[in-house]
Amino acid sequence: GPGAIDGANWNDHIVLSTDDQWSDADLNLLQPFLSPNIPAGQFISRTNTVTLPLVPSGTYYIVVRADRF
C-alpha cells in the first residue's frame, strides 16, 4: 500500500523450496529479520548471504517472502 512500513512489525524470510510456492514445510535458509522503518514512497535494498544445505539432486527454488507475519 501507499503507507509507511513499521519495521518493528515486518519480517522477511528466505527459504529453499521444491516448488515455486511458499510453504511452512520449506527449508528456512535465513532466520526472520526485521526490516527498518520505511517511509511512504521509499524503498529498501538488502544483500544477504546464505549457505545452501546438501539436498538430494533435483530442482529447487529460493523463495523470498516479504512481511511473513
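This is a predicted model: local features need pLDDT of at least 70, side-chain atom pairs count only at pLDDT 80 or more; totals for chains, interfaces and linings use all residues.
Let me begin with the overall arrangement. The protein has 3 strands and 0 helices, and from the N terminus on its elements run β-β-β. Of the 69 residues, 25% are buried. Among contacts with a separation of 6 or more, 63% are accounted for by residues 24 or more positions apart.

I turn now to strand 1, which covers residues 11-17. Is this strand enclosed by the rest of the structure or open to the outside? Strand 1 is largely enclosed, because 7 of its 7 residues are buried. In a regular strand, side chains alternate between the two faces of the sheet. Here both faces are covered: on one side Asn11, His13, Val15 and Ser17 are buried, and on the other so are Asp12, Ile14 and Leu16. As for its partner, strand 1 pairs with strand 3 in the antiparallel sense, over 5 bridges.

Leaving aside residues up to four places away in sequence, Ser17 touches Asp26, Thr59, Tyr60, Tyr61 and Val63.

Next, the loop between strand 2 and strand 3, in which Thr49 lies. Strand 2 spans 27-34 and strand 3 spans 61-65, and Leu52 also has its place in the loop between them. Thr49 has a relative accessible area of 75% and is therefore exposed. The C-alpha atom of Thr49 is 9.4 Å from that of Leu29, a residue 20 positions away along the chain.

What of Leu52: is this residue buried or exposed? With a relative accessibility of 53%, Leu52 counts as exposed, because the threshold is over 50%. Together with Ile62 and Val64, Leu52 forms a nonpolar patch on the surface, and the three residues have about 310 Å² of accessible area between them.

To close, I would set two parts of the model side by side. Strand 1 has both faces covered, whereas the loop between strand 2 and strand 3 holds Leu52, a residue that contributes to a nonpolar surface patch.

Notes: Residues are numbered from 1 along each chain as its sequence is written. Side-chain values use heavy atoms; hydrogens and water are left out. Patches are made of residues with over 30% relative accessible area and no salt bridge: like charges are joined within 9 Å, nonpolar side chains (Val, Leu, Ile, Met, Phe, Trp, Tyr) within 5 Å. Accessible areas come from the Shrake-Rupley method with a 1.4 Å probe; for residues, only the protein chains shown count as cover. A salt bridge is a side-chain nitrogen of Lys or Arg within 4 Å of a carboxyl oxygen of Asp or Glu. Helices (H or I, at least four residues) and strands (E, at least two) are DSSP runs, numbered from the N terminus. Buried means under 20% relative accessible area, exposed over 50%, partly exposed in between (1.4 Å probe, protein chains only). Two strands pair if DSSP finds at least two bridges between them. Contact means heavy atoms within 4.5 Å.
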